[in-house]
Amino acid sequence: MAAPRACLRLVAPIWNLSTSGSRCLSSGVTPEGNQRKGGMLFQLLADRFYDVEVLRDYLFQKQLSKVHKKNRSFVGIKKRYGPYIAGASFVLKQGGAVKFQGQEWIRATGHGYSRLKLLNFQAVPIEAVDASDCAINYEGLDNVLALKELQSLWLQRCPHVDDWCLSRLHQLASSLQELSLAGCPRISERGLACLHHLQNLRRLDISDLPAVSNPGLTQILVEEMLPKCEVVGAEWAQDLKSGPEEQSRDTASPLPT
Amino acid sequence: MFRGAVWLLAGRGSLGRGLSTRSGGWTPDWTEKVSEIKKKIQSALPGGAWHPLYDTSHLPPEHSDVVIVGGGVLGLSVAYWLKRLERPQGAIKVLVVDRDHTYSQASTGLSVGGIRQQFSLPENIQLSLFSVDFLRNINEYLAVVNDPPLDVQFNPSGYLFLASEKGAAIMENNVKVQRQEGAKVCLMTPEQLRNKFPWINTDGVALASYGLEGEGWFDPWCLLQGLRRKVQSFGVHFSQGEVTRFITSSSDMQTTSGKGVTMKRIHEVHVKMDHSLEYQPVECALVINAAGAWSGQVAELAGIGKGPPGTLEGTKLPVEPRKRYVYLWHCPEGPGLETPFVADTSGAYFRREGLGHNYLGGCSPTEEEEPDPGNLEVDHDFFQNKVWPPLAHRVPAFQCLKVRSAWAGYYDYNTFDQNGVVGPHPLVSNMYFATGFSGHGLQQAPAVGRAVAEMVLEGQFRTIDLSSFLFSRFYLGEKVEERNII
């Protein structure tokens, strides 16, 4: 595995209540000295007392259920107002942005947004969704996959989007033209392999995926898999080692063609 | 206080050493002596494995509520669900016995690791659907806090089954059943196949079924280790040893129609240690037979099948080991990243492995060509004669390839109908089976484990009804055949 995986840490949310639980699983950052000592003390107590062990398991389950709650399907809204409003409410609630056909981008925090205004667009299909940095996961993707005219989907830096989520994207194959997965910590080359269903894709961004073991080779294979698509991501030369005479040069620059 | 005593001994020892060096004699190795004394004292304290004459810490415990024979993925799955579904928590003491803790011949580690929902029986489809769910949420099911999360390396590339003219109608029927159960499968004509996968030669293919979601392959070793870690954190005991004997008791009873029947109960399991005649009798309430390819032998130890043929006492467990070969080859011009797990009309199959144009594949031999299951030696001629020609015909790029390596593994083959045996034996009332899955055990293990745990704890199947997989079908002659076997 390329990315260092953090342990299923429970201590961070207890000692630092502002940290969201979802970040513990995905970040590779080691906690500072104090947190480490606190973690070890808690672990020591949990090994010796059943009460502390039950408390620790309960807090861990709470962390998981927080993410689940955020990803509930808006079945009621879908039935009443249609899939577009349901999808839009879901994305906006997560903190993302939505663009209806012929309209401007709507964000939850922007001044163009109000719930009542959204109801005007009941029959207007959504053409772009920006769910970057949202806690969307496999179940939550239901709401987005119902948008059959979606042309552009941005899932940059989403901590819970993984290979399983990518395997569901085939439902948007007829309309999706642009997909961005930059910075998602859980996506690997195995998930990228099932993007071949998206034959209408014209632009794919797979840069900065820490779990992909061989970014340069993966880029070439994905380009072969999707011939009509422009794949933006790792430079194919970034995995190649520079020779002895070039070691003083900046290795980030691609080799001259 | 304890440590102080030890240091005192060591201190006196150094004085003693000084005395003996003066006389020019022998210097004892005090660190070793100290650790031996520590071990003896620790085993005498409560909770240790103490026997007045010798150290028994390598032996399994003397009593256990449930003994699971076989520590592969099915056995560990049953242990996991028993501990998860038991009420109150911590009530049942479970012991898992496996004769090889390196799993060198176990089917789990040697498996190709595929998972699919394209079966013909609704029960198999449901088992597979739950198992895929389990794999997707594996870090919620098997989470051990302060341990790294599991990555089963799932490739969601799907399965592609090809059917000739003869099998096209059956395939259509199967896909209908699969769709009804909730699997995401689509049918493809030869032309659609050529458009999607240009490297395929559709000569002889009338229809193809392609799994869109929830199918693919994963790392079985990771699942095994994850289950093992979680199950150990639940407090399940592991023991390395071979089950050599069951101590049973019989009681003669009468059925409602007046016929005499002998019911048996297992009271003790004799677990023999490796390379030794030493054995430990484990008193138990239930035995779960998850011994994979050797389940038939374990069942015989309990007296299953010892009776006049044609009766229930004389019905053996029809599970035997069958050897299957897997070959790994490299083909630089081979199919790309989108390659699914392809199962050809001839029975040969292959899938991609990694990013480097390596492929894994094999073929199930016909009944006449079955290799001798005595060892796990690989027959390379089998690849030349039976695997390569059909694959090279189906994928022309495979005409030039180079075999890198090969291995063999066992199927726990059910000679009756190639489907699993789940549930209690009608006569030996406390032996439960979880075996005989003939090549699709790994992909159904989480769901089968849950079904067996429900049967043990509640007496009936709650979530998935596997009553058609009970042992009694062997006596009644009711075959539950699965048509989509690879």
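Me: Which residues does Ser364(B) touch, not counting residues up to four places away in sequence?

Reply: This is a predicted model, in which local features need pLDDT of at least 70 and side-chain atom pairs count only at pLDDT 80 or more, while totals for chains, interfaces and linings use all residues; side-chain values use heavy atoms, with hydrogens and water left out. Residues are numbered from 1 along each chain as its sequence is written, and chains are lettered from A and ligands numbered from 1 in the order in which they are written. With contact meaning heavy atoms within 4.5 Å, and with residues up to four places away set aside, Ser364(B) touches Arg324(B), Gly347(B), Tyr411(B) and Ile486(B).

Me: Does Ser364(B) count as buried, partly exposed or exposed?

Reply: Ser364(B) lies in the loop between strand E15 (358-363) and helix H11 (380-394) of chain B, where helices (H or I, at least four residues) and strands (E, at least two) are DSSP runs numbered from the N terminus. Buried means under 20% relative accessible area and exposed over 50%, with partly exposed in between (1.4 Å probe, protein chains only). Because its relative accessibility is 24%, Ser364(B) counts as partly exposed.

Me: At roughly what angle do the axes of H5(B) and H12(B) cross?

Reply: Axes are lines fitted to C-alpha atoms, for helices over the stretch in contact, and angles run from 0 to 180 degrees between N-to-C directions. The axes of H5(B) and H12(B) come within 7 Å and cross at roughly 100 degrees. Angles under 35 degrees count as roughly parallel, over 145 as roughly antiparallel, 65 to 115 as roughly perpendicular and the rest as oblique, so H5(B) is roughly perpendicular to H12(B), the crossing angle being roughly 100 degrees.

Me: How are H5(B) and H7(B) oriented to each other?

Reply: Helix H5 (residues 122-136) and helix H7 (residues 168-181) of chain B have axes that come within 10 Å and cross at roughly 45 degrees. Pro122(B), Ile125(B), Gln126(B) and Leu129(B) of H5(B) meet Val177(B), Gln178(B) and Glu181(B) of H7(B). The two helices are therefore oblique.
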